[in-house]
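Please read the following points with the model open beside you, and check each one against the residues as you go. They are meant as a colleague's careful notes for someone new to reading structures.

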Amino acid sequence: MTPTSAQAPARAPYNAADEALFSKVSWHLLPLLILCYIVAFIDRINIGFAQLQMKQTLAFSNEAYALGAGIFFIGYFLFEVPSNLMLEKIGARKTLLRIMFCWGLVASAMMFVETTTQFYVLRFLLGAFEAGFFPGIILYLTYWYPSARRCKVISIFMTATAIGYLLAGPLSGWIMKYMNGLGGHHGWQWLFVVQGLPASVLGIVAFFYLKDKPEQAGWLTPSEKVALRHHLDNEPHAVETASHGSFWALLRDPKVFTMAFVYFLFLGANYTLVFLVPTLIKNWGVGDVFMVGLLSAIPAVFGAVGMVFVGRSSDKHLERRKHFFFCVALASAGLLVAVFSGGNLVLALAGLAVMSIGQSANTPIFFAAISEYLPRKSAAGGIALISSLGNLGPAVMPVITAWITTASGSSDNSMFLAIGLWLSSGVVLLLVMRPAAARRSQLATA
């Protein structure tokens with residue numbers, strides 16, 4: 001008898017051979033991709049640490065730093081879709097070489113900034129050159145992993161953000177404190193060079209090491225390639241899938257733009273806190289920049305571990321929507337604890353640790369969901385479009401929160417805004433994205 005949708009399994013069964021296959025794939029791909037993203041994330045956020053010392057040598061206002069932080073995402077927005085469409089044509093190896101080699105040079109050039117105009121131009125170019133890196137990797141992972149494994153894999157890949165933040169704090173603090181004055185340059189200048197040039201080197205490594213598709217992987221046997229292709233062609237989905245036949249058809253789908261709005265909301269909140277945390281810790285009575293860096297790394301540890309467990313749970317239950325809402329609610333609750341800690345550093349850091357779990361885990365779940373929603377024919381453009389539009393959130397939120405903080409004389413109101421953004425994104429995603437048909441049938445008969 002033909003199984004009904006209600007009898008369909010919640011997820012594809014995997015045997016020992018399948019587990020060994022995907023473990024092999026992960027060990028060949030993820031270490032290098034994670035290392036690349038660690039460097040990318042550090043180059044993206046180190047302005048939050050550098051400004052602690054740059055303010056002593058450059059007469060930039062808080063709004064100027066916030067605008068510079070946000071302009072990065074304008075360049076990102078403009079070039080993300082073309083980059084991902086090009087990746088689909090020329091492959092990940094050439095794309096990563098172009099992206100990482102160029103952004104490493106621009107990131108290092110930040111050491112020569114003297115005026116706000118130079119600052120804005122280099123931040124824009126950094127975003128333009130890095131555009132396509134994250135959505136490109138998400139697209140690349142869909143070439144190797146079926147959807148039932150994707151959230152965990154994206155979560156593991158995105159531990160790079162937590163690891164990057166874990167390293168960025170102490171490393172940035174150490175560089176600014178102990179390399180200050182070396183060769184006649186300020187510590188913040190050395191920070192950009194030391195943290196920027198590794199990207200160029202890794203771009204060259206990725207070009208020679210990675211393979212664009214499973215069929216090109218010499219480290220997979222013919223039988224492993226067949227098994228992997230079978231899983232990719234017969235993957236279950238947690239959310240309903242659209243029927244776009246092309247990128248142009250995708251542009252007529254209002255849900256794509258709604259998902260971009262969701263990303264705009266929660267990514268704006270995420271980066272508001274990324275840029276605020278060093279300043280918050282300093283305001284809680286920690287004056288030494290090295291100690292600020294060390295303490296800012298504590299929440300990142302919890303974020304890295306919690307993100308993997310939440311991603312594993314989402315794959316195990318083949319459920320995205322409620323897991324996403326849990327993450328944004330958890331981030332909001334943790335931030336509230338930090339806001340009302342009354343200046344108690346231990347309690348505030350505990351709140352930030354809870355916040356970091358939800359803040360770190362929301363993005364992998366979101367992209368696992370949209371990678372299932374988008375059909376293969378429009379996945380490259382769709383992932384990049386949603387990502388590029390969503391990245392306007394971090395482009396505008398630092399400016400808005402800086403204005404709110406200056407106008408109110410307190411950063412608390414900026415954090416309340418972040419909480420509102422998180423919770424709004426969770427509600428919208430619950431309302432708009434629907435479970436897959438088989439999943440709805442299972443829930444109805446449970």
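1. Helix α11 passes helix α13 in a right-handed crossing. In this predicted model, α11 covers residues 289–317 and α13 covers residues 345–373, and their axes come within 7 Å while crossing at roughly 40 degrees.

2. Sorted by class, the contact of α11 with α13 holds 15 nonpolar and 5 polar residues, with no charged ones.

3. Helix α13 also packs against helix α10, and here the angle is about 155 degrees, with the axes 11 Å apart. The two helices are therefore roughly antiparallel to each other, since the angle is over 145 degrees. The crossing of α10 and α13 is left-handed.

4. Which residues of α10 and α13 meet? From α10 they include Tyr263, Phe266 and Asn270, and from α13 they include Asn362, Thr363 and Phe366. The contact of α10 with α13 has 16 nonpolar, 4 polar and 1 charged residues.

5. Thr363, which lies in helix α13, deserves a look of its own. With a relative accessibility of 5%, Thr363 counts as buried, because the cut-off for that label is under 20%. Leaving out residues up to four places away in sequence, Thr363 touches Phe134, Met158, Tyr263, Phe266 and Asn270.

6. Helix α10 (residues 254–283) has a further partner in helix α16 (residues 412–432), and this pair packs at an angle of about 155 degrees, with axes 9 Å apart. α10 and α16 are therefore roughly antiparallel to each other, and α10 passes α16 in a left-handed crossing. Among the residues that make the contact are Met259, Val262, Phe266 and Leu273 of α10, together with Met415, Leu421, Trp422 and Val428 of α16. By class, the residues of the contact of α10 with α16 divide into 15 nonpolar, 6 polar and 1 charged.

7. Which members of the largest nonpolar core touch the most other members? That core has 138 residues, and the ones with the most such contacts are Phe133, Trp144, Phe157, Leu335 and Phe366. Helix α1, which spans residues 16–57, gives the most to this core, with 21 residues.

8. Once its neighbours within four places in sequence are set aside, Phe157 is in contact with Leu30, Leu33, Ile34, Tyr37, Phe133, Phe134, Ile137 and Leu141.

9. Is Gln189 buried or exposed? Gln189 has a relative accessible area of 12% and is therefore buried, as the cut-off is under 20%. Its place is in helix α7, which runs over residues 187–209. Gln189 and Met179 are 10 residues apart along the chain, and their C-alpha atoms are separated by 9.2 Å.

Conventions. Residues numbered from 1 in each chain as written. Predicted model: local features only at pLDDT ≥ 70, side-chain atom pairs only at ≥ 80, totals over all residues. Heavy atoms only, no water. Core = buried A, V, L, I, M, F, W, Y, C linked by side-chain atoms within 4.5 Å. Buried < 20%, exposed > 50% of the residue type's maximum accessible area, 1.4 Å probe, protein only. Helix = DSSP H or I, 4+ residues; strand = E, 2+ residues; numbered from the N terminus. Contact = heavy atoms within 4.5 Å. Axes fitted to C-alpha atoms, helices over the stretch in contact; angles between N-to-C directions. Parallel < 35°, antiparallel > 145°, perpendicular 65-115°, else oblique. Left-handed = near helix turned anticlockwise from the far one by under 90°. Nonpolar A, V, L, I, M, F, W, Y, C, P; charged D, E, K, R; others polar.
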